There are 2 protein chains.
Amino acid sequence: MPSSLRDKALACRDAASSIASLDTAAKRCLLLAMATALAADATLVLDANAKDMAAARANGTSDAMLDRLRLDASRIAGIVRAIREVATLPDPVGVTTRCETRPNGITVERVRIPLGVIAMIYEARPNVTADAAALCLMAGNAVILRGGSDAMHSNIAIATALRRALAASGIPEAALTLIDDPRRETMVELLQLTDIVDLAIPRGGEGLIRFVAEHARVPVIKHYKGVCHLYVDRDADPVLALRLLVDGKTSRPGVCNALETLLVHKDMASTFLPHAIEKLRRLGVEIRGDEVTRALADDVAPASEDDYAAEFLDLIIAVRVVDTLDEAIAHIRRYGSDHTEVIATRDPVAADSFVRAIRSAVVMVNASSRFSDGGELGLGTEIGISTTRLHAYGPMGAESLTVERFVVRGEGQVRHPASERVDDASGQ
Amino acid sequence: MPSSLRDKALACRDAASSIASLDTAAKRCLLLAMATALAADATLVLDANAKDMAAARANGTSDAMLDRLRLDASRIAGIVRAIREVATLPDPVGVTTRCETRPNGITVERVRIPLGVIAMIYEARPNVTADAAALCLMAGNAVILRGGSDAMHSNIAIATALRRALAASGIPEAALTLIDDPRRETMVELLQLTDIVDLAIPRGGEGLIRFVAEHARVPVIKHYKGVCHLYVDRDADPVLALRLLVDGKTSRPGVCNALETLLVHKDMASTFLPHAIEKLRRLGVEIRGDEVTRALADDVAPASEDDYAAEFLDLIIAVRVVDTLDEAIAHIRRYGSDHTEVIATRDPVAADSFVRAIRSAVVMVNASSRFSDGGELGLGTEIGISTTRLHAYGPMGAESLTVERFVVRGEGQVRHPASERVDDASGQ
């Protein structure tokens with residue numbers, strides 16, 4: 001077995017061509033075998049997870065982190081089910097997205113191929129080991145998994161089960177490579193294997209993502225944070241706006257598509273805000289507002305600059321009253337994180353202006369920010385949410401793990417039929 | 001006027017939203033105004049270019065480099081014409097690529113938006129200043145241009161003309177920002193402005209591209225080199241294959257889509273190779289071959305490992321006889337640069353095997369490698385050819401300077417209608 005990181009990564013790269021050449025049916029069978037293997041190893045995985053949990057508790061790990069780390073029979077069943085669901089997704093590989101015949105008779109197709117080798121860098125959640133592996137493989141890629149050291153026993157147990165399914169399917173196990181060396185310098189080395197790794201996707205806290213972005217020499221698609229805004233326009237339906245506000249802020253405040261800031265047009269402020277603040281408070285939400293907001297409701301703490309830039313991930317919301325749609329847009333440009341923004345309005349012109357001016361990955365008109373999720377948007381599942389405006393922007397599904405290339409067919413066409421050599425002076 | 005690089009880049013980023021909000025007609029008008037302004041300044045540009053040429057000659061610059069640097073009336077007319085052609089391209093911005101209504105009634109569109117701020121890093125060719133600016137602006141992006149110091153006077157003169165057209169069109173001149181500080185550390189600083197620059201595209205020699213890749217913290221799409229292969233299959237039409245060989249190697253040997261290596265199936269070798277070698281030699285091509293090739297023709301120098309990995313950019317070709325299609329594929333995987341590979345064959349099964357197994361950006365069946373070019377493949381023009389398997393792979397046109405994002409429209413749909421808070425434990 002190869003020992004050094006580079007050897008492991010090279011073996012993974014070699015295995016990538018085996019995965020890339022599988023047809024859809026073979027990949028579906030592989031994923032179903034992976035699901036079955038993981039289900040069969042549930043006890044082993046739970047034992048391994050118990051070791052991780054004990055070590056984490058001894059290290060004084062926070063309850064929130066412990067909960068992310070924890071597996072039980074129901075969670076393992078959920079992971080197994082998720083792999084089976086990925087096996088039902090449309091296969092993006094080999095899809096012809098466009099085809100054109102040029103005047104000289106050559107046909108030019110754009111066809112999706114896998115990216116190659118994807119490095120997933122993540123933290124405490126062991127489910128990512130299986131989720132990411134399934135989606136990468138379904139899109140024809142090999143995958144190198146580098147999870148957090150807290151979850152190492154769990155990750156090894158999960159990867160061992162999944163690799164057994166690869167081997168039983170006649171595919172090199174290296175197509176799913178877990179890095180079990182927890183040192184940061186090993187992660188840095190992985191992030192600099194520019195001749196092997198085609199894409200690194202970090203998933204976790206802002207600290208991890210910044211570390212990856214800083215040290216990577218391979219391409220990285222990152223997702224820093226979600227500072228999502230709801231703008232309630234002068235023409236908004238107040239009942240609809242309140243529904244979006246409550247769902248966006250309270251249905252799951254700890255996730256990246258939860259609302260962090262409420263912007264309200266001044267013409268709506270006196271009718272909408274007192275009622276909205278009362279409702280939020282009843283749901284346990286702390287309000288931090290600007291002067292106008294504070295004048296409209298009792299006991300609203302002042303919102304600082306930091307509050308408007310914050311991803312609270314908690315039952316806290318920053319509120320500001322704006323004079324115009326443009327002021328709302330300017331606020332979002334200044335404080336937003338390019339993740340998801342919502343406008344509540346009955347005015348189609350305002351909606352269009354908002355959609356055009358906002359450059360976030362997901363922009364919503366009269367729908368909850370909580371739909372900013374691969375499953376909800378029709379991708380089946382997601383491997384992350386990109387706030388990098390390159391390759392993929394927003395929730396990334398299987399298709400985002402492929403790229404279009406050119407396939408040209410001709411009947412002997414050449415560019416210079418006279419076969420004369422052309423002056424090389426001015427480019428190609 | 002802002003003086004520091006960061007201030008200039010920030011002004012460019014602010015101007016990006018002005019460009020992004022222009023409709024297609026306004027962008028076409030802007031580009032036509034840019035073309036007219038450049039034509040009007042032809043004499044000034046030629047004077048500036050004369051200074052660059054004099055300095056370059058005094059520095060002992062090579063003839064090839066001097067030719068890249070040189071402008072004359074005809075070349076300026078060509079640059080002006082190229083800008084006008086970009087103005088006729090389809091506008092990728094605002095295009096809805098997909099639309100789906102989800103079961104809950106929300107509609108999910110994928111709509112193209114500009115990337116934002118693009119940094120072009122290039123060397124001696126002053127035409128890139130205009131070409132890149134036109135294509136970036138047509139795709140709704142602001143652009144920061146950092147050309148080689150050899151062409152600085154020329155670039156300043158061209159940018160001055162183009163910026164006048166921006167100003168006359170009511171668009172902030174900063175949308176087209178030329179960095180006139182030739183120091184490498186300034187380029188490095190530019191490449192690390194992660195909060196401003198959305199994409200860096202280096203164009204030039206391998207040294208420049210490796211330097212950019214090494215120092216960039218912003219995303220980079222690179223194109224190292226084109227080691228393009230022609231594989232003549234056992235079932236190839238020899239006349240067709242020879243036509244592709246001659247066009248690919250001799251029509252313009254100094255460009256990246258020229259052929260560098262010829263692979264011939266052993267069943268074709270004795271009939272095809274002697275004739276092909278004779279033809280190439282008559283066209284002035286030096287042949288470097290493996291043992292089998294050398295046995296079939298007189299005076300063929302032995303090909304080294306380096307020859308098979310080389311981008312000769314000259315009238316030299318490496319030749320190898322392979323036993324099977326798979327051996328040809330393995331050779332290309334080992335020595336190729338992911339740019340463009342060609343198979344000549346009459347066998348559709350062999351063609352499909354080749355297309356599936358080869359992961360290069362462009363793969364051709366019975367067509368010349370020289371078609372691997374944005375114009376020839378129907379993109380109108382190109383800003384470069386990506387050999388990075390992310391975002392864009394192969395020739396990059398205007399569309400590659402945009403990204404798809406999500407636009408969602410609803411009627412008040414929420415994810416958790418009961419508005420109950422959900423356990424935050426397991427992800428989003």
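Predicted model: local features only at pLDDT ≥ 70, side-chain atom pairs only at ≥ 80, totals over all residues.
The relation between the copies was examined by superposition. Chain B can be laid on chain A by a turn of 180° with a shift of 0.0 Å along the axis, and the RMSD is then 0.0 Å. The two copies are therefore related as by a two-fold rotation axis. Among the residues of chain B, H391(B) comes closest to this axis, its C-alpha lying at 1.9 Å.

The interface involves 70 residues of chain B, which are in contact with 71 residues of chain A. On the side of chain B that touches chain A, two or more residues are given by each of the following elements: the helices α10 (238-250) and α15 (348-357), and the strands β2 (107-114), β13 (362-367), β14 (384-390), β15 (392-396) and β16 (402-413). The largest share comes from β16(B), with 11 residues. By residue class, this side of chain B divides into 29 nonpolar, 22 charged and 19 polar residues. Of the interface residues of chain B, 99% are also interface residues in chain A, so the copies meet through the same surface.

Strand pairing also crosses between the chains. Strand β16 of chain A, residues 402-413, pairs with β13(B) in the parallel sense, over five bridges. Within β13(B), V363(B) stands opposite V407(A).

The domain assignment of chain A gives two domains. Domain 1 is made up of residues 5-220 together with 391-407, whereas domain 2 covers residues 228-371. The C-alpha centres of these two domains of chain A lie 35 Å apart.

In chain B, the surroundings of V300(B) were examined individually. V300(B) is placed in the loop between α12 (291-296) and β10 (301-302) of chain B. V300(B) counts as buried because it has 20 C-beta neighbours inside 10 Å, and 20 or more are required for that class. Leaving aside residues up to four places away in sequence, V300(B) touches I277(B), I287(B), G289(B), T293(B) and R294(B). Of these contacts, T293(B) and R294(B) fall within the range of α12 (291-296).

How values were computed:
Residues numbered from 1 in each chain as written. Chains lettered and ligands numbered in written order. Helix = DSSP H or I, 4+ residues; strand = E, 2+ residues; numbered from the N terminus. Buried ≥ 20, exposed ≤ 12 C-beta atoms within 10 Å, placed from the backbone. Contact = placed C-beta atoms within 7 Å. Nonpolar A, V, L, I, M, F, W, Y, C, P; charged D, E, K, R; others polar. Pairing = 2+ DSSP bridges. Least-squares fit on C-alpha atoms with pLDDT ≥ 70 in both. Domains from an automatic or database assignment.
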